[in-house]
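Here's a quick briefing to read next to the model. Have the sequence and the 3D view open, and we'll go topic by topic.

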Amino acid sequence: MAPTPPSVVNAAVVNATMPSLSPTARTSHDAHRFSVAPMMDWTDRHCRYFHRLLAPSALLYTEMVTTGAILHGDRDRLLAYNPEEHPVALQLGGSEPEDLAACALIAGERGYDEVNLNVGCPSDRVQRGRFGACLMKEPALVRDCLAAMREVVAVPVTIKTRLGVDELYDYGYFRDFVGSVLESGIDTVIAHARRAWLSGLSPKQNRDVPPLDFDWVYRLKRELPDCTVVINGGVDSLDVVHTHLAQVDGVMIGRAAYHDPWFLAQCQEALADGGQPARREDVVEPMSAYIAARVAEGIPVKHVTRHVLGLFQGRPGAKVWRRYLSEHAHVDDHNAEILDQALSAMSRVRPHEGRSLAAGPSRAAR
Ligand SMILES: Cc1cc2nc3c(=O)[nH]c(=O)nc-3n(C[C@H](O)[C@H](O)[C@H](O)COP(=O)(O)O)c2cc1C
C-alpha cells in the first residue's frame, strides 16, 4: 500500500473514527474489478471517504484535476485526501507530456495508487485546453503523454477514454487508437462505452444521448487479452455488473454509485471478500465522526452531507433523510450531529419505518 501523504490533516482523528471494516487483499489483476468513476464536483475527498466505508475494495477516482491547476494553483488543497481512501487514483486533465509527467510525479510522491489520463471529457472548456475527449483525434500525442507519465511514476498509469469522438466512430478507429496508446507501455484502458460529440451536446447530454455500445469493449478485450479492460457507462445493477465481468476485467460505476451509494456495498459483497457495512445505518456513526473532524477544521457540514443524501435511496424514509439533510445542512455549518438528527427524523415521521430501520436486514440487501 502506498505511503500516507504528508498533506493529510487530522489523519489521527479520521483513523480513530473508522469502523472495523476488514481490509481486502488485492492483486494487480483484480485492482480494477470495480471502481467508482471520476466525477467533477461529486467525487471529492469527502465523497470518497463515504464510498470507502461502503466498499473497502473499490478503486476510487478523484475528480479530474488539470495540470494547470496542479502546477500553478493550490496544489495542497487540490490533491489532499484521507489515508482511508486508498486505493485512490488521481485523474489528470492535460495534453502536454511535460506537464503531465510533472503532475504524475507529484501524484506519485503524494501516494496516489494510480494516475489516470482523461480522454473522455467533452466540455467546451476542456476542448479549448485541447484535452479530454478531443485527444481521441490525436493518438500519437496521447501515447507520448502516457509514456512521459509512465517514465516518472512507479504506480500504474491508465487512460479513460470514449469509443470515439464526432465522426471518428468505428470499431477499427477505436481499436487502433487503443493499440497506439498501449505503445506507451500502459496496460489498462477504461472505456466509457459511447462516443462523445464535441459540439451540439452538453457534457450532461454526452453522458446520455450517444448510445452505449458494450460490444465494442467486449471485442477489444477479446482482441487484446493481455490488456486490462474496464467498462463504464450505465452500470446500475448487479445483473449488469455480472454480465460485464463475464467479458471484461472490471466495471467502473458513476452516477449509480452517487445516487444510490448502497449499490457499492452490494458490489463489495458480490465481488470482493466482504467487509461492507451490514446496514445503511452502520455508516452513520463513522460518517458523523468524520464530519466532526472536518467541522473542527472549519469545513461546513454541507460539504460532506451533500454526498450522503442517497444513502437510503429506495428504502422507507429515504425522502425524510434527504429532506432533513437538505434543509438543515445550510442552517448550521458546525452541526456535527446532523446525521443522527436525520436518522431520528426518519423514525419520528414514520415510527414503523424507524423501527424497521433499527432492526433492518443484516446483510447488504436492498
Ligand atoms: C457530475 C459528473 C461529473 C463527471 N466528471 C468526470 C470527470 O471529471 N472525469 C471523467 O473522466 N469523467 C467524468 N464524468 C463521467 C463519468 O466518469 C462516467 O464516465 C459517466 O458518468 C458514465 O458512467 P455512469 O453511466 O456509470 O455514470 C462525470 C460524470 C458526472 C455525472
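Where is the place of Pro-87? Pro-87 sits in the loop between helix 4 (75-79) and strand 3 (88-93), with helices (H or I, at least four residues) and strands (E, at least two) taken as DSSP runs numbered from the N terminus. Before the rest, some housekeeping: this is a predicted model, where local features need pLDDT of at least 70 and side-chain atom pairs count only at pLDDT 80 or more, while totals for chains, interfaces and linings use all residues. Residues are numbered from 1 along each chain as its sequence is written.

**Confidence**
- pLDDT is the predictor's confidence in each residue, from 0 to 100; its mean over the protein chain is 89, and 87% of the residues reach 70 or more.
- Residues 1-28 are a stretch with pLDDT below 50, and beyond near neighbours in sequence the model gives them 53 contacts, a contact being two residues whose C-beta atoms, placed from the backbone, lie within 7 Å.
- Residues 353-366 also stay under 50 in pLDDT, and here the model has 21 contacts beyond four places in sequence.

**Overall picture**
- The protein chain has 17 helices and 8 strands.
- Of its 366 residues, 47% are buried; buried means 20 or more other C-beta atoms within 10 Å of the residue's own, exposed means 12 or fewer, and partly exposed is in between, with C-beta atoms placed from the backbone.
- Take the contacts between residues at least 6 apart in sequence: 75% of them join residues at least 24 apart.

**Around the ligand**
- The shell around the ligand has 23 residues, and the closest are Ala-37, Met-40, Met-64, Gly-254 and Arg-255; a residue counts as near if its C-beta atom, placed from the backbone, lies within 6 Å of the molecule.
- Strand 2 (59-66) and helix 11 (255-259) are the elements that give two or more residues to this shell.
- Sorted by class, the shell has 10 nonpolar, 8 polar and 5 charged residues; Ala, Val, Leu, Ile, Met, Phe, Trp, Tyr, Cys and Pro count as nonpolar, Asp, Glu, Lys and Arg as charged, and the others, Gly among them, as polar.

- Helix 2 (residues 45-54) has 10 of its 10 residues buried, so it is largely enclosed by the rest of the structure. Among them are Arg-45, Arg-48 and Arg-52, along with His-46 and His-51.
- Helix 7 (residues 139-152) has 14 residues and reaches 21 Å from its first C-alpha to its last, close to the 20 Å expected at 1.5 Å a residue; the expected span is 1.5 Å times one less than the number of residues.
- The buried residues of helix 7 are Val-142, Arg-143, Cys-145, Leu-146 and Met-149. They cover an arc of only 160 degrees around the axis, which puts them on the same side of helix 7; the arc is that of the directions from the helix axis to the C-beta atoms.
- That buried set packs against helix 5 (97-109), strand 4 (114-119), strand 5 (157-165) and helix 8 (171-182).
- Helix 16 (residues 338-349) has 12 residues that should span 16 Å, and its end C-alpha atoms are 16 Å apart, which agrees.
- Ile-338, Leu-339, Ala-342, Leu-343 and Met-346 are the buried residues of helix 16. They fall within an arc of 150 degrees seen down the axis, so they line one face of the helix.
- Turned away from that buried side of helix 16 are the exposed residues Asp-340 and Arg-348.

**Single residues**
- Trp-216, in helix 9 (residues 214-223), is partly exposed, with 19 other C-beta atoms within 10 Å.
- Leaving out residues up to four places away in sequence, Trp-216 touches Leu-163, Tyr-171, Phe-174 and Ala-193. Trp-216 and Ala-193 are 23 residues apart in sequence and 7.7 Å apart in space, C-alpha to C-alpha.
- Cys-134 lies in the loop between helix 6 (124-128) and helix 7 and is buried, with 20 other C-beta atoms within 10 Å.

- Most residues other than glycine have a negative phi, and most peptide bonds are trans.
- His-86 and Pro-87 are joined by a cis peptide bond, with omega about -5 degrees.
- Arg-130 is not a glycine, yet has a positive phi of about 60 degrees; Arg-130 lies in the loop between helix 6 and helix 7.
- Asp-166, in the loop between strand 5 and helix 8, also has a positive phi, near 50 degrees.
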